[in-house]
Amino acid sequence: MIAVRALSKNFTTDRGIVEVLKEVDLDIRAGERIAVVGASGAGKTTLMHLLGGLDRPSSGSVLFAEKDIFQYSAQELDAFRNRSIGFVFQFHQLLPEFTALENVMMPALIARSTKKEAEVMAGEILTAVGLDHRLDHKPGQLSGGEQQRVAMARSLVMSPKLLLADEPTGNLDSGTSDGILALLDRLHDERNLTIVVVTHSEKVAARMDRVVRMTDGRLDP
Ligand SMILES: Nc1ncnc2c1ncn2[C@@H]1O[C@H](COP(=O)(O)OP(=O)(O)O)[C@@H](O)[C@H]1O
Ligand SMILES: [Mg+2]
C-alpha cells in the first residue's frame, strides 16, 4: 500500500545542516499496524509528517499505491491528505472555541460537504467512539481521554485508509489509554484501517503487528 524509498530530510539551522532522516525505507501493507519506537530526537515525528505529506522530504519518495505523493501540487496534496490520511497527535490540537461535533465536522467541511452532511458524518463517528452524549461540549469541558477520542473521531471522519498517530496515549493515564487502544483495535478490525503509531509504550507497541525501531534518523534493520 505504502512504499517509503530512501527518504531523507535535512533541516538548516544556525549551526548548519542537520540530517534528521537518512535514507529510510519502509513498506506498509494495507491493514497493517506498525509501531515506531525510538529515543526522543530519533526522527519519528519527522517521519510521520513526511508519511502524511505534511512536510516535503529533502530527497526520496513516499508512494501510495505506486504514486509518489510529493509529485502532487500543493493543492492536490492537501486534497489527498484530507481524504486518505487521518492524523492524531499527542496533544489533540482541537479548536477550543468549537464543540466536539464542530471539531469533527471540520475535515468534511474542508472537503466541501454540506453542513448537514458533515453533521451526519461527524455524529456517526463520534457515536462510534462512544461520545454521542458529548456532541455539544467544548474541548475544555471534556476529560483528556474524551478529548483524544474527539481527535480520533476528527481524524477518521473522512474514512481515511491510513491513520498516523504520534504518541496518541502519551498524555493519558493507563486506564484511559487502554480505552484508546481498544478503539484502535476495533477500527482496525471493522475498517481494515492501516495504522502507524509512534509510541514510547512497550504495551502499545506489543499490540501492533510489527515494531520498527528508529535510531538517529535510520530504521534499524
Ligand atoms: N523544523 C526543524 N528544524 C530543525 N531541526 C528539527 C526540526 N524538526 C525536527 N528537528 C530535529 O530533528 C530531530 C528529530 O526530531 P523529531 O522527528 O521530532 O524526533 P522524535 O519525534 O523522534 O523525538 C531532533 O534533533 C530535532 O531537533
Ligand atoms: Mg516526536
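**Sheet, helices and ligand**

User: In what order do the six strands form the open sheet?

Analyst: Six strands form an open sheet with mixed pairing; helices (H or I, at least four residues) and strands (E, at least two) are DSSP runs numbered from the N terminus, and two strands pair if DSSP finds at least two bridges between them. This is a predicted model, in which local features need pLDDT of at least 70 and side-chain atom pairs count only at pLDDT 80 or more, while totals for chains, interfaces and linings use all residues. Residues are numbered from 1 along each chain as its sequence is written, and chains are lettered from A and ligands numbered from 1 in the order in which they are written. The order of the strands is β6-β7-β8-β3-β9-β10.

User: Which are the edge strands?

Analyst: An edge strand here pairs on one side only. The edge strands are therefore β6 (85-88) and β10 (218-219).

User: How are α5 and α6 oriented, roughly parallel or roughly antiparallel?

Analyst: Helix α5 (residues 144-156) packs against helix α6 (residues 174-191) at about 20°, with axes 9 Å apart; axes are lines fitted to C-alpha atoms over the stretch in contact, and angles run from 0 to 180 degrees between N-to-C directions. Angles under 35 degrees count as roughly parallel, over 145 as roughly antiparallel, 65 to 115 as roughly perpendicular and the rest as oblique, so α5 and α6 are roughly parallel.

User: Which element gives the largest share of the shell around ligand 1?

Analyst: The largest share, three residues, comes from α1.
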